[in-house]
Amino acid sequence: MKRVSPAGWLLLGCLLLVGAAVAIPSVTLIRESLSSAKLAWSLVNYAKVLGAARTWRLLGTTVLFSAAMTVVSGTLGFLFAWVAARTDAPWRRLMPLAVLLPYLVPPTLGAICWIFFLSPRNGLFNAWLAPLLGPAFFNIYSFPGMVFVETLYTFPLSFMFFYASLITLNPALEEASAVSGAGTFATFRAVTLPAMWPAVFSVATLLFIVGLESFDVAWFIGYPAKIFTLSIEVFLLTRYDYPPDIGAAAVFGVIALVAAMGMVWAYRAITRDQGRFVAISGRAYRQGTLALGRLRVPATMAFYGLMLLIGVLPVLLLFGISIEVVAWPFRLRPTPSLNNFVWILTDDASRAALINTAILALLGAVAVVAISFAVAYVTVRTELRGRSVLDYLAFLPFGFPSTVLAVGIIAALIQTPLYNTIWILLLAFAVKFLPYGLRNVSNAMLQIHREMEEASFAAGAGLFTTLRRVMLPLCAPGLLAAWSLLFIVFGRQFSLPIMLSSTDSSVLTIQLFQEFDGGQMGHVAAYGILLIGCSLPFLILARWLGRAGVG
Amino acid sequence: MIRLEALDKSYRTRRRQLHVIDGISLDIPEGSFFTLVGPSGSGKTTTLRVVAGLERHDGGRVLLGGQVVSDPAGGVFVPTSDRGIGMVFQSYAIWPHMDVFSNVAYPLQQARPRPDKAEIARRVGETLELVGLGHLAQVPATALSGGQQQRVALARALVGRPRVLLLDEPLSNLDAQLRERMRIDIRDIQRSVGITALYVTHDRAEALSMATTVAVMNHGKIEMIGAPRDIYERPASRFAAEFMGPCNLLPGKLTERLHGGWAVAATALGDLACRASADMSPGQSVELIVRPEDVSLGGAGSAITARVSNLAYLGDRIDYVVAVGAQELRVLAHPGLAAEIGAEIGLDVLPGRAWAIPAA
């Protein structure tokens with residue numbers, strides 16, 4: 001047996017850590033799904049769940065919801081990314097920046113705001129448009145309503161991915177088509193779209209996975225409308241129904257797990273193939289501009305209109321409500337006040353939740369970045385056998401719906417003192433968002449010339465000295481950017497806390513939900529503005545540090 | 001000092017096994033400046049990286065100063081950091097988050113036992129003086145020009161007094177003038193330190209001007225090893241001849257062996273006095289390698305008459321293509337020569353400059 005190299009030890013450590021983080025919840029889930037009150041091993045849960053018509057209905061709803069959102073969001077994202085990257089639409093250079101605006105609004109608040117806008121009872125737009133369209137024309141509490149809101153808040157994601165692919169597509173390919181006599185749209189169809197197929201497939205898979213695990217929209221909009229999806233059902237079975245039916249929840253979890261592995265496998269197969277496309281070269285080209293003609297101005301107006309609708313209006317409304325200039329149901333008031341902010345900062349439960357949130361976001365982001373750094377080094381920088389296993393393992397949680405992951409964690413840790421503390425939340429955050437951290441940190445690490453590190457080895461430094469003195473300082477901007485994005489994501493996380501937190505380990509989003517349930521819209525809005533206000537500087541920081549990935 | 005024994009490395013692609021290094025054996029004596037030269041993909045950089053321990057090989061052994069540092073069959077692999085090497089990279093790999101001093105001090109800080117602060121400062125200063133950067137110690141590395149970064153990289157590679165100095169195309173990112181200057185400086189520094197250097201390049205001027213010994217590589221094999229003058233004037237193969245510079249290949253037959261390596265070959269230009277290796281005998285089919293600079297045009301009383309079929313005026317010289325019967329020749333001529341296309345002109349091959357190799 002050969003001596004294990006330091007890099008080998010690092011790989012082994014990462015494999016154990018990540019392997020345990022992924023395997024323990026998954027294996028527990030499978031075990032729970034196969035257990036029953038009487039027998040050690042039984043298929044009772046499967047028989048019960050798979051035999052119910054409700055199961056198939058809600059699985060159908062989940063898939064249909066994800067598919068519909070994927071198609072709409074993907075199409076919109078592609079079209080606008082193409083407008084921004086390729087055409088002569090005015091103000092196109094600002095578009096990739098403007099698209100971050102809706103990104104600032106967490107899906108929880110997005111869902112709430114659109115309830116404010118489109119609720120059949122007192123929705124703002126419904127009220128304003130009543131003279132034209134009749135009362136309660138829009139009903140947010142419906143399947144199209146769910147798809148609509150989910151689309152709005154996945155659109156920035158799909159835009160950013162497509163934009164990144166489009167600007168690395170050699171414009172000479174399109175110019176050659178134009179020189180050959182093809183018009184703008186013929187070129188789009190014959191050259192741009194085919195060259196973009198791998199990107200299209202990968203973004204579609206990504207969106208579909210996001211749709212499958214969507215919780216916020218399904219909870220705030222779907223549940224009141226009695227439209228159930230898989231994530232919601234898992235939540236109801238574990239946390240809402242009494243007594244909880246962990247076995248049945250675990251069966252749904254196993255279904256999701258199998259689907260997730262398939263989707264993650266497909267996603268990775270597609271993104272791996274992307275490298276083979278010579279058209280996508282990894283460097284950004286100076287972009288030629290295709291003439292949009294009469295559509296120039298309408299295209300720009302449509303884009304910024306959409307940004308206004310999903311990014312600006314909700315924030316304005318929340319701000320208005322939070323400082324009591326707007327009362328809900330909608331009524332303007334002349335006297336602004338900071339009462340709502342004072343309340344969320346002084347109420348005991350609220351303050352404890354805010355402190356928990358800050359701890360979770362700060363520490364959770366540090367933990368994920370640290371693990372990502374080690375894992376990224378092994379997978380990106382070494383040629384050790386086993387690194388692809390690690391890469392796959394670390395990416396797997398990307399496909400686990402949060403509620404499913406949470407059931408696995410609950411079942412695994414219910415007997416430990418971790419249960420009902422914020423540490424179980426920290427653990428869940430770290431597992432679920434490792435893929436996000438890893439993607440950002442890997443990208444940062446890929447930018448660093450291999451010889452930087454080899455020079456350190458040649459100078460006589462071992463692996464850990466090299467990591468500490470060369471790789472870490474060189475990666476620092478990328479790590480800080482990844483940390484900022486994770487900080488934002490953790491602050492707004494809703495589906496994991498709603499599964500895992502107790503009164504002692506409540507977080508901001510849980511308080512926000514309780515105030516919403518209690519009709520305290522002023523408090524809801526104040527929480528929302530606090531969340532958005534805290535996210536903004538970190539988003540700017542991540543942007544400024546370059547290559548802000550998509551959290 | 002560096003010894004490679006039957007070194008072998010291959011990648012298995014979907015279709016075939018690709019030998020990047022195909023059974024190379026080398027012995028590089030202490031204090032020599034050894035250059036590996038070859039086209040891209042010839043395996044020269046991979047060989048260097050195997051010596052450095054930055055890449056693994058499949059067969060054979062690597063020895064540094066008599067110590068086996070890598071032997072897959074024997075399960076020996078000394079990691080790069082423990083091989084006692086200094087290395088200069090193509091991209092320089094100067095760490096941008098450190099200043100010049102810290103970059104150069106780094107190898108000393110890794111040494112066991114670690115020298116004290118004063119000793120480190122003294123040796124860094126000494127080494128920076130050696131490469132001509134004594135005044136720049138506190139400058140951030142990012143503020144340096146390409147040439148200066150190159151010198152810092154050299155200082156960093158030398159400061160720890162390694163057993164061998166490895167250089168991977170260190171001059172390819174510099175502009176032409178700076179490159180010529182650095183060629184001389186690197187050579188001088190290597191000589192004054194007395195270190196064994198292994199230098200990889202695809203540039204034949206670098207190989208010829210810097211090295212004490214040159215190895216020409218092709219397809220993972222060594223085509224020829226020799227002193228620069230041997231490599232250029234007495235190449236062992238057609239590949240070595242053509243890679244090291246433009247040449248005319250005249251098919252012919254050896255008719256006579258003379259004393260002292262001389263011979264006579266019958267070619268399309270008539271009988272030419274040439275040199276040939278000792279193992280070649282009369283009657284053998286040969287190719288005569290005639291460099292363009294070894295042919296003169298316009299001499300009075302030349303035995304051979306050529307017709308100018310093309311020319312390119314290059315300022316410091318004229319690049320002629322002339323025909324003698326059906327045989328075309330490239331000739332470098334002094335720019336003073338004023339023969340136009342179609343002109344008839346006398347041609348001489350400088351005696352003893354032609355070199356015969358066996359016909360392929």
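**From one residue pair to the whole model**

In chain B, L4(B) stands opposite L26(B), the latter lying in β2(B). The model is predicted, and in it strand β1 (residues 2-12) of chain B pairs with β2(B) in the antiparallel sense, over nine bridges. These two strands belong to an open sheet of five strands in chain B, which runs in the order β2-β1-β4-β5-β6 with antiparallel pairing. Because β2 (17-28) and β6 (76-77) of chain B each have a single partner strand, they stand at the edges, and one side of each is left without a neighbour in the sheet.

Where the two chains meet, 17 residues of chain A are in contact with 20 residues of chain B. On the side of chain A that touches chain B, the elements that give two or more residues are α21 (450-458) and α22 (463-492) of chain A, and α21(A) provides the largest share, six residues. Sorted by class, this side of chain A has nine nonpolar, five polar and three charged residues.

As for confidence, chain A averages a pLDDT of 88, and 95% of the residues score at least 70. Among the elements of chain A, helix α17 (residues 348-381) of chain A has the highest mean pLDDT, 95, whereas helix α9 (residues 171-179) of chain A has the lowest, 77. Over residues 275-282 of chain A the pLDDT is below 50, although this stretch has 12 contacts in the model beyond near neighbours in sequence. Where pLDDT is low, the predicted coordinates should not be read in detail.

Note on methods: Residues are numbered from 1 along each chain as its sequence is written. Chains are lettered from A and ligands numbered from 1 in the order in which they are written. This is a predicted model: local features need pLDDT of at least 70, side-chain atom pairs count only at pLDDT 80 or more; totals for chains, interfaces and linings use all residues. Two residues are in contact if their C-beta atoms, placed from the backbone, lie within 7 Å. Helices (H or I, at least four residues) and strands (E, at least two) are DSSP runs, numbered from the N terminus. Ala, Val, Leu, Ile, Met, Phe, Trp, Tyr, Cys and Pro count as nonpolar, Asp, Glu, Lys and Arg as charged, and the others, Gly among them, as polar. pLDDT is the predictor's confidence in each residue, from 0 to 100. Two strands pair if DSSP finds at least two bridges between them.
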